[in-house]
Amino acid sequence: MQDRSTGRDATLGELVAVATRDMSLLVRQEINLAKAELSQQAMSAAIGAGFLGAAAGLGLGALLAVTIGLGELFTWAGVERFWSYFLTALLYLVVAGLLSLFAANRLKKLSPPERTLQTVKDDIAWLKNPTAIVESGGNHSDGRSGSYSRNGASVH
């Protein structure tokens, strides 16, 4: 590469310095771009959280109105007002109990991400010995099964 100001070929040290400067500039520009994108996403998330808070407030108001309406409905049906609101609260507790049972049942079914753990183990094994073929009995997330080498060639 020729130096434009002197018309001579640049030395290796000058080329390394230019490459280092350019790389540093590139990294700084990438960081600035990431900051700009993240700040835009943070603003969008804040607005979304505000809308969610407003919806929760309105939902709470609606729940209170439904509670009063249900209590008054039981009163209209002939139950004393105290007992009608107690019955409404009891109904809510039963629904909350059922929802918590359903949630607990779903949470019990959770298991660790088996395929991901296996591929991470394979990657670690490859990093320890990159030229060896990694033996694996599990299926991989990309549809591969059995043994494979790191360069992607399947070996069975």
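Residues 24 or more positions apart account for 16% of the contacts with a separation of 6 or more in the chain, a contact being heavy atoms within 4.5 Å. Of the 156 residues, 9% count as buried; buried denotes under 20% relative accessible area, exposed over 50%, and partly exposed in between, with a 1.4 Å probe and protein chains only. The accessible surface comes to about 12,500 Å², and carbon and sulfur atoms contribute 67% of this area (Shrake-Rupley method, 1.4 Å probe; for residues, only the protein chains shown count as cover).

The model is predicted; local features need pLDDT of at least 70 and side-chain atom pairs count only at pLDDT 80 or more, whereas totals for chains, interfaces and linings use all residues. Residues are numbered from 1 along each chain as its sequence is written, and side-chain values use heavy atoms, with hydrogens and water left out.

The mean pLDDT of the chain is 83, and 79% of the residues reach 70 or more, where pLDDT is the predictor's confidence in each residue, from 0 to 100. Confidence is highest in helix 2 (residues 81-108), at a mean of 95, and lowest in strand 2 (residues 154-155), at 42. Over residues 138-156 the pLDDT is below 50, although this stretch has 31 contacts in the model beyond near neighbours in sequence. Where pLDDT is low, the predicted coordinates should not be read in detail.

Three helices and two strands make up the secondary structure, arranged α-α-α-β-β from the N terminus on. These elements are DSSP runs numbered from the N terminus: helices are H or I with at least four residues, strands E with at least two.

Helix 1 covers residues 12-76, 65 residues in total. At 1.5 Å a residue, this helix should span 96 Å, and its end C-alpha atoms are 93 Å apart, which agrees; the expected span is 1.5 Å times one less than the number of residues. Just after helix 1, Gly78 adopts a positive phi of about 110°.

Thr67, Leu70 and Gly71 of helix 1 are buried, and helix 2 is among the elements covering the buried residues of helix 1. Within helix 2 lies Thr88, which is buried at a relative accessible area of 0%. Leaving aside residues up to four places away in sequence, Thr88 touches Thr67, Leu70, Gly71 and Phe74. The Thr88 side chain also reaches the backbone oxygen of Ser84 at 2.9 Å.

Key: A polar contact is a pair of N or O atoms within 3.5 Å; within protein, one must be able to donate a hydrogen and the other to accept it, and residues adjacent in sequence count only if both atoms are side-chain atoms.
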